Structure formats: structure tokens, C-alpha cells
Amino acid sequence: MVVELNAWDPVQYNHAAGFVAREFGQSLLELLRPQSSDVILDLGCGDGVLTAQIAATGASVVGVDSSAAMVSHAREHFGLDAHVMDGQALTFPNDEFDIVFSNAALHWMPDADGILSGVAATLKPGGRFVVECGGFGNIASIVTAVVAVLARHGIDGRPKIPWTFRTTREWEEHLTKAGFRVKSMVSYSRQPVLPNGIVGWLKTFGGNFFDDVPLDMRDSVMHEVQDLLKWVCTHNNVCSC
């Protein structure tokens, strides 16, 4: 079977990783507590599922994402005010938003200072930054397995790692430097159910790892990774990774 990987396909994302919004995002919405008078920026809005839930409260919401496909989906399926924009270089006017919200996006952005300086500038005085992202050690087993399998095939996977998972201390230092007062920061673990197993997860989130693998070998190489991870993923695709 030949697998052709797509970058941020909204349909594939919803099927393989819909749990990010359906399960993981709900607790963050409880912290957000949006009011109808709020003007909110969703930083890294993705396919717009959570953005639409925020908009349903009556708040005014703008979404931004680096993926044109995701932004198009958010506009067409939810009628959202969404824009293609680099979250590390926001271009909104100063004092534009009451709240900046972000779920499962910041670990895709290596420039923490760029993110936070933009967020700080676009927030109104006294505004809030409500955010969830992957922390230090997140998916370490998956990354280790991918790098090990690629090494078998003569490929160095380390430069291809697309995520930056920071410690809470690192985030607190960056936030303080940008002028934020940290009221709460919690590190916790999750065990997601992956509907399509590790292979489905890799096709959705880790496709760039396999750019140097011939197309007719990618599926089998991904299954090598999945086989290596059997000890952290149970038979029903619950993963402690």
C-alpha cells in the first residue's frame, strides 16, 4: 500500500485527532469562561471546532492558524472569522483582545519570545492568556521510536522533530519576561485513545519525519514504529506515550 502524506488535512485531522478538541479542549474552555462582551483570539485555531464553541457563547472570536487548509475549513464549515497567520509574528493592532486562547498549538512554534511578545501586545490591559500545550517529555516514546526506526533506514530523524516541549519553569521565565503575571500553571499527563493507532497519528502529526522515505515504503516504516511502541499502546489504542 502506497501512502501519500498530506500536511494538515482537516478531514484526516478530525478522524485521527478529534480528541484534541472533543476531550482535551473542554477543560480549557472551562478555564476560559467566555462572556458575550469578550473579544477573543484563538491562537492556532486549527479546524475551528473549539473556536466555534467559543463563538456560540456570544463572544466575538477571531481565529488564526498557519495552515491555509485548516483556516479554509474553519471558515466554510463554521462560518468563522479565521485568518492564515504565523502565531510567532501576530499582526493585530495593540490592545485588540480581552483574551487570547490557545489549545494544543504552542509546541508547534519554536519562538516562545515571538509568540508571547505578540500576545502581550495584542491583549488589552488586564487581559488573559488561557493556553494548553504539550510539555516537557510529551510523546517522548513516539519520538524515540521514530528516530530509532529511521536510523535503521539510514535517516537521521533528529533534525526533523517539529515540536518544542518546554518545562513549566521555562514557560514561566518566558511569560515573566514578556510581562505576564502567571496565576496558574499545571503539568499533567494524559492517555489518549488513538482511533487509527500510532500509524494514523504519525500520518496526521508526524508526516515530515518520513519525507526522505520512499513513498512505497512509508506505510511499512510507520508500522515498524507502531510495532516498536506496542509496549506503550494497548490493544484498544490507549497510549501512554
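**Close-up views of a predicted model**

View A. Phenylalanine 92 is buried, its relative accessible area being 18%. The model shown in this and the following views is predicted. Across the whole structure, a search returns nine aromatic pairs. In one of them, the ring centres of phenylalanine 92 and phenylalanine 97 are 5.1 Å apart and the planes meet at 85°, so the arrangement is edge-to-face. Phenylalanine 97 is likewise buried, with a relative accessible area of 1%.

**View B. The pair formed by tryptophan 108 and tryptophan 163.** These two rings, tryptophan 108 and tryptophan 163, have centres 5.6 Å apart and planes at 70°, and the pair is therefore edge-to-face. Tryptophan 108 belongs to the loop between strand 4 (97–103) and helix 5 (112–122), and tryptophan 163 to the loop between helix 6 (140–152) and helix 7 (168–177), so the contact ties together parts 55 residues apart in sequence. Tryptophan 108 counts as partly exposed, at 24% relative accessibility, whereas tryptophan 163 is buried at a relative accessible area of 9%.

**View D. Arginine 166 over an aromatic face.** The side chain of arginine 166 lies over the face of tryptophan 171, at 5.0 Å from the ring centre.

**View E. The β-α-β unit of strand 2, helix 4 and strand 3.** Strand 2 (residues 60–65) and strand 3 (residues 81–84) run parallel and are joined by four bridges. Within this pairing, glycine 63 has alanine 82 of strand 3 as its bridge partner. Together with helix 4 (residues 68–78), the two strands make a right-handed β-α-β unit.

Technical notes:
Residues are numbered from 1 along each chain as its sequence is written. This is a predicted model: local features need pLDDT of at least 70, side-chain atom pairs count only at pLDDT 80 or more; totals for chains, interfaces and linings use all residues. Side-chain values use heavy atoms; hydrogens and water are left out. Two strands pair if DSSP finds at least two bridges between them. A crossover is right-handed if, with the strands pointing away from the viewer, the path from the first strand over the helix to the second runs clockwise. Rings of Phe, Tyr and Trp (its six-membered ring) pair if their centres lie within 6.5 Å; planes under 30 degrees apart count as stacked, over 60 as edge-to-face and the rest as tilted. Buried means under 20% relative accessible area, exposed over 50%, partly exposed in between (1.4 Å probe, protein chains only). A charge sits over a ring if NZ of Lys or CZ of Arg is within 6 Å of the ring centre and within 35 degrees of the ring normal.
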